[in-house]
Amino acid sequence: MYIDEATFRQIFHKFIYIECPDALEGLSDTLEIIDGATGVLAYCFCEDLVGTSFNLLASVKKAEDGKLEVGPRCSEKYARVRFNDVKDYEFEPVSEQDADLSEFDDVPNDIRDNLESADKKMTMLRELEMLDGGRNIELPDFVSVTVGKKGLLPEVVWVRTTDFGDNEFYGTLHNPPKQGFGLEAGQKVRYRAYDNEGEIMLILDSSMLN
């Protein structure tokens, strides 16, 4: 599967193997490239205002039988690349492979403590699977929300979600609907989650519409 085709939960806070043999030469100043390397080991996380990022940890050789040989750990603590840098490469969750990652046990907590949001609500929102169906995988804090009003066609807008309450979510409207609805970019809005036969629908609060 290509990274651009993944769901947010398939990569978020996961160790993944990224197959990128063509990119290894350019990473030789950052990683020790082992003989026969075919890709890299990376850990995916989310940074405020930047979005989905990948911390490169080591070069990796994938054998014909699918087993992964992981090279020496990167000497640069935070060798980060962005979503656009790797979106066209294939990946595999390392949890599905027979690979010893004990050397990297400290990575998840270190990332959470030093690179992710200090705002606990933002952390909780990113962990909330209820919003996953509407997330932008590159910018996970942006969620697609449906706007509807009698007499007008429903439209989908992007909302940067920053807070939540009792089944309510709050954020900033990124793009106003083409039909207006009395909404403007940058406006503070709220939306709710509804269960529609097992599928979660995110719908803007109709009381906000003119």
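Leaving aside neighbours within four places in sequence, which residues is L27 in contact with? The views below are of a predicted model, in which local features need pLDDT of at least 70, side-chain atom pairs count only at pLDDT 80 or more, and totals for chains, interfaces and linings use all residues. Residues are numbered from 1 along each chain as its sequence is written, and side-chain values use heavy atoms, with hydrogens and water left out.

**View 1. L27 in the loop between β1 and β2.** Beyond its neighbours within four places in sequence, L27 is in contact (heavy atoms within 4.5 Å) with I33, V40 and L56. L27 counts as buried, at 16% relative accessibility. Buried means under 20% relative accessible area, with a 1.4 Å probe and protein chains only. The C-alpha atoms of L27 and S59 are separated by 9.1 Å; the two residues are 32 apart along the chain.

**View 2. The largest nonpolar core, with 24 residues.** Such a core is a set of buried Ala, Val, Leu, Ile, Met, Phe, Trp, Tyr and Cys residues joined through side-chain atoms within 4.5 Å. I3, I18, V40, F54 and L56 touch the most other members. Two or more residues each come from β1 (15-19), β2 (39-47), β3 (51-62) and α2 (83-86). Helices (H or I, at least four residues) and strands (E, at least two) are DSSP runs, numbered from the N terminus. β2 gives the most, with three residues.

**View 3. A second, separate core of 19 residues.** Among its members are V147, V157, V189 and L204.

**View 4. T161 in strand β8 (residues 155-164).** T161 is buried, with a relative accessible area of 3%. Not counting residues up to four places away in sequence, T161 touches M122, L125, D141, V143, F169, Y170, G171 and Y191.

Definitions and conventions: Buried < 20%, exposed > 50% of the residue type's maximum accessible area, 1.4 Å probe, protein only.
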